[in-house]
Amino acid sequence: MLRLATRAVSATNAQPWEIAVLTGEALDAIRADNVEHLHSGVEVDETYGKLEGVYRSRKVGVAKQLLSAMGIAREDRARRDWWLERGYRFFDAPAAIILYMDCQLDISTYRFDVGCLAQNICLAAEEFGLGTCVEYQGVTYKDVIRKHLGLGEDKHIVCAIAIGYPDPDFPANGVVSPREELDAITAWYGFEPRT
Ligand SMILES: Cc1cc2nc3c(=O)[nH]c(=O)nc-3n(C[C@H](O)[C@H](O)[C@H](O)COP(=O)(O)O)c2cc1C
């Protein structure tokens with residue numbers, strides 16, 4: 001799977017990605033520390049979560065779809081907390097991949113390439129009957145990831161991918177998130193109108 005996925009494109013063929021694959025006790029230790037951090041109220045940079053306008057409504061929309069599929073009511077604080085916690089536990093998947101890159105590479109340029117790798121991993125996983133979820137939640141606490149992976153400040157932690165055989169009976173797995181109509185997001189130039 002990784003051999004396939006690392007055929008991803010990268011600017012100047014820099015191949016900026018570095019990959020950690022985790023399972024068993026190694027993954028469980030991160031899950032435990034993540035959940036401990038979550039409940040201890042450690043401050044995190046939530047810049048990416050602060051959205052407005054259409055971006056906010058899309059985020060709220062998919063969250064509502066998921067909570068509805070799971071039968072979790074808005075006012076059910078305990079179940080909502082349980083749902084939130086799952087991301088920090090890599091959705092209890094048996095394995096997870098963490099993608100990171102060297103800080104000597106410009107993050108705004110080369111993060112894109114790591115994203116291409118992430119997408120390839122998800123597609124290659126499908127080929128092997130595996131399901132994935134790309135996630136930031138699992139790598140929210142950079143100190144946790146650095147400690148368990150032995151990474152220094154010279155590495156930028158990009159994202160995690162939870163991976164395992166999908167359970168078709170788990171209600172959230174039946175959710176299909178919507179997409180905008182192509183006309184709303186695409187501009188066409190130089191095309192002749194059909195006569
Ligand atoms: C970079 C990135 C980070 C994400 N982080 C999370 C996350 O922390 N938790 C989560 O449940 N989903 C996460 N997702 C999944 C998105 O929420 C999901 O892709 C989106 O809602 C569209 O749903 P779909 O992938 O089922 O079409 C992430 C996806 C990407 C690409």
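Which pattern does the protein chain follow, read along the sequence? And how do the axes of helix H2 and helix H6 cross?

Analyst: Keep in mind that this is a predicted model. Start with the background. The protein chain holds 7 helices and 4 strands. Along the sequence, they follow the pattern α-β-α-α-α-β-α-β-α-β-α. The C-alpha atoms fill a box of roughly 65 × 45 × 35 Å along the principal axes.

Now the helix pair. Two packed helices are described by the angle between their axes and the distance between those axes. Helix H2 covers residues 24-40, and helix H6 covers residues 142-149. Their axes come within 10 Å and cross at roughly 155°. Angles over 145 degrees count as roughly antiparallel, so H2 is roughly antiparallel to H6. The crossing of H2 and H6 is right-handed.

Which residues make the contact? H2 supplies Ala29, Ile30, Asp33, Asn34 and His37. H6 supplies Val144, Ile145 and His148. By class, this contact has 4 nonpolar, 3 polar and 1 charged residues. An α-helix has 3.6 residues a turn, so residues three or four places apart point the same way.

One is helix H4, residues 77-88. At 1.5 Å a residue, its 12 residues should span 16 Å; the end C-alpha atoms are 17 Å apart, which agrees. After H4 comes phenylalanine 90, with a positive phi near 55°.

The other is the ligand. Around it are Val62, Gly87, Cys133, Val134, Glu135, Tyr136, Gln137, Cys159 and Ser177. Strand E3, residues 131-135, gives the largest share of this shell, 3 residues. By class, the shell has 5 nonpolar, 3 polar and 1 charged residues.

Key: Residues are numbered from 1 along each chain as its sequence is written. This is a predicted model: local features need pLDDT of at least 70, side-chain atom pairs count only at pLDDT 80 or more; totals for chains, interfaces and linings use all residues. A residue is near a molecule or strand if its C-beta atom, placed from the backbone, lies within 6 Å of it. Helices (H or I, at least four residues) and strands (E, at least two) are DSSP runs, numbered from the N terminus. Ala, Val, Leu, Ile, Met, Phe, Trp, Tyr, Cys and Pro count as nonpolar, Asp, Glu, Lys and Arg as charged, and the others, Gly among them, as polar. Axes are lines fitted to C-alpha atoms, for helices over the stretch in contact, and angles run from 0 to 180 degrees between N-to-C directions. Angles under 35 degrees count as roughly parallel, over 145 as roughly antiparallel, 65 to 115 as roughly perpendicular and the rest as oblique. A crossing is left-handed if the near helix is turned anticlockwise from the far one by less than a right angle, and right-handed if clockwise. Two residues are in contact if their C-beta atoms, placed from the backbone, lie within 7 Å. The expected span of a helix is 1.5 Å times one less than its number of residues.
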